[in-house]
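Let's take a walk through this one, starting from a single side chain and working out to the packing around it.

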Amino acid sequence: MESNNKVTLQISLAPSDWLHAQHILPHQLKQFAHQVDEVLLILDLHRSAGRFSEGWKERLPKLKSLIAQICLEYSNTRLLEVDYSTQSISEVSKIFFNGKNIPPKDFRGGPFYSYFFGLYSAQYNYIFHLDSDIMFGGGSSTWIEEAVNLLSERSDILFCAPLPGPPTDDGTLRSQVGQSEPHYSTAFRFNFLSTRLFMVNRERFTAQIKHLPLQYASIYGISKALIEGNYPYRLPEEILTESMLKNSLQRVDFLGKLPGMWSLHPPYRSQVFYDLLPQPIKKIESGDIPDDQLGDHDVNDSLIDWSSARASLKQNRWWKRLINQWKQKICLD
(Lines give C-alpha, C1' and ligand atoms only; values in the text may rest on other atoms or scores of the structure.)
Protein backbone atom coordinates (compact mmCIF):
# COMPACT_ATOMS: atom_id res chain seq x y z
CA MET A 1 0.00 0.00 0.00
CA GLU A 2 1.32 3.49 -0.90
CA SER A 3 2.67 5.52 2.03
CA ASN A 4 -0.11 8.12 1.85
CA ASN A 5 -2.71 5.33 1.81
CA LYS A 6 -1.44 3.46 4.85
CA VAL A 7 -4.05 2.47 7.43
CA THR A 8 -4.27 2.26 11.21
CA LEU A 9 -6.74 -0.18 12.74
CA GLN A 10 -7.64 1.48 16.05
CA ILE A 11 -9.52 -0.56 18.65
CA SER A 12 -10.85 0.98 21.86
CA LEU A 13 -10.65 -0.99 25.11
CA ALA A 14 -11.41 -0.56 28.81
CA PRO A 15 -11.04 -3.00 31.73
CA SER A 16 -14.80 -3.66 31.79
CA ASP A 17 -14.52 -5.07 28.25
CA TRP A 18 -12.51 -8.14 29.26
CA LEU A 19 -15.37 -10.66 29.32
CA HIS A 20 -16.14 -10.20 25.63
CA ALA A 21 -12.74 -8.92 24.45
CA GLN A 22 -11.01 -12.18 25.35
CA HIS A 23 -12.92 -13.75 22.44
CA ILE A 24 -13.76 -10.85 20.11
CA LEU A 25 -10.42 -9.01 20.08
CA PRO A 26 -8.50 -12.00 18.62
CA HIS A 27 -11.35 -12.39 16.12
CA GLN A 28 -11.03 -8.73 15.04
CA LEU A 29 -7.26 -9.05 14.58
CA LYS A 30 -7.75 -12.25 12.59
CA GLN A 31 -10.04 -10.39 10.19
CA PHE A 32 -8.10 -7.16 9.73
CA ALA A 33 -4.52 -7.15 11.09
CA HIS A 34 -3.07 -8.44 7.82
CA GLN A 35 -4.84 -5.69 5.86
CA VAL A 36 -3.49 -2.70 7.80
CA ASP A 37 -0.09 -1.14 8.47
CA GLU A 38 -0.65 -0.47 12.18
CA VAL A 39 -2.91 -1.89 14.86
CA LEU A 40 -3.36 0.62 17.69
CA LEU A 41 -5.00 -0.67 20.88
CA ILE A 42 -6.25 2.26 22.93
CA LEU A 43 -6.73 1.39 26.62
CA ASP A 44 -8.90 3.79 28.63
CA LEU A 45 -8.20 3.66 32.37
CA HIS A 46 -10.43 6.59 33.35
CA ARG A 47 -13.18 4.95 35.38
CA SER A 48 -16.63 6.49 35.24
CA ALA A 49 -19.79 5.77 37.19
CA GLY A 50 -22.44 3.29 36.05
CA ARG A 51 -22.35 0.16 33.89
CA PHE A 52 -19.14 1.15 32.06
CA SER A 53 -17.15 0.66 35.29
CA GLU A 54 -18.20 -2.90 36.09
CA GLY A 55 -15.46 -5.35 37.13
CA TRP A 56 -12.76 -2.72 36.61
CA LYS A 57 -10.04 -3.85 39.02
CA GLU A 58 -10.35 -7.61 38.66
CA ARG A 59 -10.58 -7.53 34.84
CA LEU A 60 -7.71 -5.13 34.14
CA PRO A 61 -4.83 -7.63 34.71
CA LYS A 62 -6.55 -10.18 32.47
CA LEU A 63 -7.09 -7.61 29.72
CA LYS A 64 -3.46 -6.47 29.88
CA SER A 65 -2.33 -10.10 29.63
CA LEU A 66 -4.51 -10.59 26.54
CA ILE A 67 -3.11 -7.43 24.95
CA ALA A 68 0.46 -8.56 25.64
CA GLN A 69 -0.23 -11.88 23.89
CA ILE A 70 -1.73 -10.10 20.89
CA CYS A 71 1.22 -7.72 20.60
CA LEU A 72 3.54 -10.73 20.49
CA GLU A 73 1.44 -12.45 17.84
CA TYR A 74 0.96 -9.39 15.61
CA SER A 75 4.17 -7.42 15.09
CA ASN A 76 2.32 -4.35 13.74
CA THR A 77 0.37 -3.93 17.00
CA ARG A 78 1.05 -1.45 19.79
CA LEU A 79 -0.73 -0.53 23.02
CA LEU A 80 -1.32 3.05 24.12
CA GLU A 81 -3.06 4.10 27.32
CA VAL A 82 -5.29 7.15 27.02
CA ASP A 83 -3.31 10.19 28.17
CA TYR A 84 -5.48 12.49 30.30
CA SER A 85 -2.72 15.01 31.01
CA THR A 86 -3.49 18.69 30.48
CA GLN A 87 -1.01 18.86 27.61
CA SER A 88 -2.48 15.86 25.79
CA ILE A 89 -6.06 17.07 26.19
CA SER A 90 -5.01 20.48 24.87
CA GLU A 91 -3.33 18.97 21.79
CA VAL A 92 -6.29 16.74 20.95
CA SER A 93 -8.73 19.58 21.54
CA LYS A 94 -6.90 21.94 19.16
CA ILE A 95 -7.38 19.45 16.32
CA PHE A 96 -10.98 18.43 16.90
CA PHE A 97 -12.70 21.02 19.17
CA ASN A 98 -10.93 24.33 18.52
CA GLY A 99 -9.27 24.28 21.94
CA LYS A 100 -12.40 23.62 24.02
CA ASN A 101 -11.90 21.39 27.06
CA ILE A 102 -12.95 17.84 26.07
CA PRO A 103 -14.86 15.89 28.77
CA PRO A 104 -13.52 12.45 29.71
CA LYS A 105 -16.95 10.81 29.38
CA ASP A 106 -20.44 11.42 28.04
CA PHE A 107 -23.60 11.73 30.14
CA ARG A 108 -23.91 7.93 30.46
CA GLY A 109 -20.32 7.49 31.61
CA GLY A 110 -19.37 6.14 28.19
CA PRO A 111 -16.17 7.12 26.35
CA PHE A 112 -15.79 10.61 24.92
CA TYR A 113 -12.22 11.96 25.00
CA SER A 114 -10.72 8.52 24.35
CA TYR A 115 -12.35 8.36 20.88
CA PHE A 116 -10.57 11.53 19.78
CA PHE A 117 -7.34 10.59 21.54
CA GLY A 118 -7.37 7.39 19.46
CA LEU A 119 -7.85 9.33 16.22
CA TYR A 120 -5.12 11.77 17.24
CA SER A 121 -2.66 9.01 18.16
CA ALA A 122 -2.97 6.87 15.02
CA GLN A 123 0.22 6.83 12.98
CA TYR A 124 -1.59 7.01 9.64
CA ASN A 125 -4.31 9.26 8.24
CA TYR A 126 -6.63 6.45 7.20
CA ILE A 127 -8.08 5.11 10.43
CA PHE A 128 -10.48 2.20 10.87
CA HIS A 129 -11.92 2.56 14.36
CA LEU A 130 -13.62 -0.34 16.17
CA ASP A 131 -15.19 -0.78 19.56
CA SER A 132 -14.06 -4.04 21.13
CA ASP A 133 -17.43 -5.82 20.80
CA ILE A 134 -17.94 -5.68 17.03
CA MET A 135 -17.75 -8.97 15.09
CA PHE A 136 -17.18 -9.47 11.37
CA GLY A 137 -18.22 -12.03 8.78
CA GLY A 138 -17.42 -12.50 5.13
CA GLY A 139 -13.68 -12.57 5.67
CA SER A 140 -12.67 -10.38 2.71
CA SER A 141 -8.93 -9.73 2.52
CA THR A 142 -9.42 -6.63 0.36
CA TRP A 143 -12.10 -4.65 2.24
CA ILE A 144 -9.64 -2.16 3.81
CA GLU A 145 -8.05 -1.38 0.43
CA GLU A 146 -11.51 -0.94 -1.10
CA ALA A 147 -12.49 1.43 1.73
CA VAL A 148 -9.39 3.55 1.16
CA ASN A 149 -10.22 3.74 -2.54
CA LEU A 150 -13.82 4.75 -1.82
CA LEU A 151 -12.83 7.56 0.55
CA SER A 152 -10.12 8.84 -1.78
CA GLU A 153 -12.42 8.86 -4.82
CA ARG A 154 -15.54 10.31 -3.18
CA SER A 155 -15.10 13.65 -1.38
CA ASP A 156 -18.78 13.54 -0.34
CA ILE A 157 -18.23 10.41 1.76
CA LEU A 158 -16.67 11.17 5.15
CA PHE A 159 -17.08 7.77 6.81
CA CYS A 160 -17.50 4.20 5.62
CA ALA A 161 -17.85 0.77 7.23
CA PRO A 162 -18.60 -2.85 6.36
CA LEU A 163 -22.18 -3.78 5.51
CA PRO A 164 -24.37 -3.75 8.67
CA GLY A 165 -25.39 -7.36 9.16
CA PRO A 166 -24.96 -10.42 6.93
CA PRO A 167 -26.28 -9.74 3.41
CA THR A 168 -29.79 -10.80 2.47
CA ASP A 169 -30.58 -12.58 -0.79
CA ASP A 170 -32.41 -9.51 -2.12
CA GLY A 171 -29.75 -7.06 -0.91
CA THR A 172 -32.01 -5.23 1.54
CA LEU A 173 -31.55 -4.21 5.18
CA ARG A 174 -33.92 -5.44 7.87
CA SER A 175 -32.85 -3.57 11.00
CA GLN A 176 -31.63 -0.20 9.70
CA VAL A 177 -32.89 2.38 7.24
CA GLY A 178 -30.42 3.43 4.57
CA GLN A 179 -30.60 4.56 0.96
CA SER A 180 -29.18 2.25 -1.69
CA GLU A 181 -25.83 3.63 -2.87
CA PRO A 182 -24.45 3.12 -6.41
CA HIS A 183 -21.50 0.77 -5.96
CA TYR A 184 -20.10 -2.42 -7.45
CA SER A 185 -21.27 -4.27 -4.31
CA THR A 186 -24.23 -3.98 -1.96
CA ALA A 187 -23.95 -0.53 -0.37
CA PHE A 188 -26.09 1.90 1.61
CA ARG A 189 -25.92 5.58 2.48
CA PHE A 190 -26.81 6.70 6.02
CA ASN A 191 -27.56 10.08 7.57
CA PHE A 192 -26.08 9.14 10.95
CA LEU A 193 -22.79 7.87 12.33
CA SER A 194 -22.12 5.17 14.91
CA THR A 195 -18.89 5.39 16.90
CA ARG A 196 -18.93 1.60 17.17
CA LEU A 197 -17.08 1.37 13.86
CA PHE A 198 -16.05 3.71 11.08
CA MET A 199 -13.31 4.29 8.55
CA VAL A 200 -12.15 7.90 8.12
CA ASN A 201 -9.34 9.91 6.56
CA ARG A 202 -8.22 12.09 9.49
CA GLU A 203 -6.66 14.77 7.28
CA ARG A 204 -9.82 15.12 5.21
CA PHE A 205 -11.96 15.05 8.33
CA THR A 206 -10.21 18.03 9.90
CA ALA A 207 -10.21 19.89 6.56
CA GLN A 208 -13.92 19.36 5.87
CA ILE A 209 -15.38 19.49 9.37
CA LYS A 210 -12.97 22.13 10.74
CA HIS A 211 -13.95 21.93 14.42
CA LEU A 212 -16.63 20.03 16.31
CA PRO A 213 -18.97 21.74 18.80
CA LEU A 214 -19.18 20.65 22.43
CA GLN A 215 -22.84 20.14 23.22
CA TYR A 216 -24.77 19.28 26.35
CA ALA A 217 -27.12 16.33 26.53
CA SER A 218 -30.90 16.61 26.79
CA ILE A 219 -32.51 17.53 30.11
CA TYR A 220 -32.95 13.80 30.75
CA GLY A 221 -29.29 13.16 29.96
CA ILE A 222 -28.07 16.03 32.12
CA SER A 223 -30.22 14.81 35.02
CA LYS A 224 -28.89 11.28 34.65
CA ALA A 225 -25.30 12.57 34.52
CA LEU A 226 -25.68 14.74 37.61
CA ILE A 227 -27.34 11.96 39.60
CA GLU A 228 -24.75 9.33 38.65
CA GLY A 229 -21.74 11.65 38.82
CA ASN A 230 -20.88 11.78 35.11
CA TYR A 231 -20.34 14.61 32.61
CA PRO A 232 -23.46 16.22 31.05
CA TYR A 233 -22.39 16.01 27.38
CA ARG A 234 -24.05 14.51 24.33
CA LEU A 235 -22.75 11.30 22.82
CA PRO A 236 -19.78 11.80 20.47
CA GLU A 237 -21.65 10.05 17.66
CA GLU A 238 -24.48 12.59 17.90
CA ILE A 239 -22.02 15.49 17.65
CA LEU A 240 -20.22 13.83 14.73
CA THR A 241 -23.50 13.06 12.96
CA GLU A 242 -24.70 16.66 13.24
CA SER A 243 -21.40 18.00 11.87
CA MET A 244 -21.42 15.46 9.04
CA LEU A 245 -24.89 16.50 7.92
CA LYS A 246 -24.16 20.21 8.36
CA ASN A 247 -21.34 19.84 5.85
CA SER A 248 -23.46 17.81 3.39
CA LEU A 249 -21.33 14.72 3.91
CA GLN A 250 -22.38 11.11 4.39
CA ARG A 251 -21.54 7.68 5.66
CA VAL A 252 -21.58 4.70 3.28
CA ASP A 253 -21.47 1.06 4.36
CA PHE A 254 -20.62 -1.50 1.72
CA LEU A 255 -20.05 -5.24 1.35
CA GLY A 256 -17.13 -5.07 -1.09
CA LYS A 257 -15.77 -7.67 -3.46
CA LEU A 258 -16.88 -11.19 -2.61
CA PRO A 259 -16.78 -12.71 -0.09
CA GLY A 260 -17.15 -9.18 1.27
CA MET A 261 -17.16 -7.93 4.87
CA TRP A 262 -20.10 -7.33 7.18
CA SER A 263 -20.48 -6.47 10.87
CA LEU A 264 -22.52 -7.65 13.83
CA HIS A 265 -23.01 -5.96 17.19
CA PRO A 266 -24.20 -7.68 20.40
CA PRO A 267 -26.94 -5.44 21.86
CA TYR A 268 -26.93 -6.97 25.36
CA ARG A 269 -24.60 -8.41 27.97
CA SER A 270 -25.32 -11.51 30.04
CA GLN A 271 -23.53 -14.51 31.46
CA VAL A 272 -25.15 -16.64 28.77
CA PHE A 273 -23.63 -14.35 26.15
CA TYR A 274 -20.14 -14.58 27.63
CA ASP A 275 -20.36 -18.36 28.03
CA LEU A 276 -21.62 -18.98 24.50
CA LEU A 277 -19.61 -16.30 22.68
CA PRO A 278 -17.04 -18.63 21.07
CA GLN A 279 -19.87 -20.48 19.29
CA PRO A 280 -21.43 -17.52 17.45
CA ILE A 281 -17.97 -16.20 16.57
CA LYS A 282 -17.22 -19.56 14.93
CA LYS A 283 -20.52 -19.41 13.02
CA ILE A 284 -19.88 -15.81 11.93
CA GLU A 285 -16.41 -16.63 10.65
CA SER A 286 -17.59 -19.73 8.79
CA GLY A 287 -20.72 -18.07 7.37
CA ASP A 288 -23.09 -20.45 9.15
CA ILE A 289 -25.73 -17.76 9.71
CA PRO A 290 -29.44 -18.41 10.41
CA ASP A 291 -31.88 -16.88 7.92
CA ASP A 292 -33.43 -14.74 10.67
CA GLN A 293 -30.08 -13.03 11.25
CA LEU A 294 -29.65 -11.91 7.63
CA GLY A 295 -29.95 -8.14 7.22
CA ASP A 296 -29.88 -7.50 10.98
CA HIS A 297 -26.90 -5.48 12.25
CA ASP A 298 -27.52 -6.58 15.86
CA VAL A 299 -27.01 -10.17 16.99
CA ASN A 300 -30.55 -11.45 17.50
CA ASP A 301 -32.12 -14.48 19.18
CA SER A 302 -31.41 -16.71 16.19
CA LEU A 303 -27.71 -16.64 17.14
CA ILE A 304 -27.90 -16.02 20.91
CA ASP A 305 -30.87 -16.35 23.27
CA TRP A 306 -31.14 -12.86 24.79
CA SER A 307 -34.17 -13.52 27.02
CA SER A 308 -32.17 -13.50 30.27
CA ALA A 309 -30.26 -10.38 29.19
CA ARG A 310 -33.47 -8.50 28.43
CA ALA A 311 -34.94 -9.48 31.79
CA SER A 312 -31.79 -8.37 33.61
CA LEU A 313 -31.73 -5.04 31.76
CA LYS A 314 -35.34 -4.39 32.71
CA GLN A 315 -34.51 -5.00 36.37
CA ASN A 316 -31.36 -2.88 36.38
CA ARG A 317 -32.41 0.46 34.87
CA TRP A 318 -30.26 3.29 36.22
CA TRP A 319 -33.16 4.92 38.05
CA LYS A 320 -34.00 1.61 39.73
CA ARG A 321 -30.40 1.30 40.92
CA LEU A 322 -30.64 4.83 42.27
CA ILE A 323 -33.85 4.06 44.20
CA ASN A 324 -32.26 0.92 45.68
CA GLN A 325 -29.17 2.89 46.74
CA TRP A 326 -31.42 5.53 48.31
CA LYS A 327 -33.41 2.88 50.21
CA GLN A 328 -30.19 1.27 51.48
CA LYS A 329 -28.91 4.64 52.68
CA ILE A 330 -32.13 5.27 54.58
CA CYS A 331 -31.88 1.86 56.24
CA LEU A 332 -28.25 2.49 57.25
CA ASP A 333 -29.11 5.92 58.62
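Which backbone nitrogen lies 2.8 Å from a polar atom of the side chain of Thr168? That of Thr172. Before going further: this is a predicted model, where local features need pLDDT of at least 70, side-chain atom pairs count only at pLDDT 80 or more, and totals for chains, interfaces and linings use all residues. Residues are numbered from 1 along each chain as its sequence is written, and side-chain values use heavy atoms, with hydrogens and water left out.

Back to Thr168, which sits in the loop between strand S6 (157-164) and strand S7 (179-180); strands (E, at least two residues) and helices (H or I, at least four) are DSSP runs, numbered from the N terminus. Its side chain also makes a polar contact of 2.9 Å with the side chain of Asp170. A polar contact here is a pair of N or O atoms within 3.5 Å; within protein, one must be able to donate a hydrogen and the other to accept it, and residues adjacent in sequence count only if both atoms are side-chain atoms. Skip the neighbours within four places in sequence, and Thr168 is in contact (heavy atoms within 4.5 Å) with Arg174, Leu294 and Gly295. Thr168 has 9% relative accessibility, so it counts as buried (under 20% relative accessible area, with a 1.4 Å probe and protein chains only).

Now look at helix H4 (residues 113-121): eight of its nine residues are buried, so the rest of the structure largely encloses it. Among the buried ones are Tyr113, Phe116 and Leu119.

Key
Buried means under 20% relative accessible area, exposed over 50%, partly exposed in between (1.4 Å probe, protein chains only).
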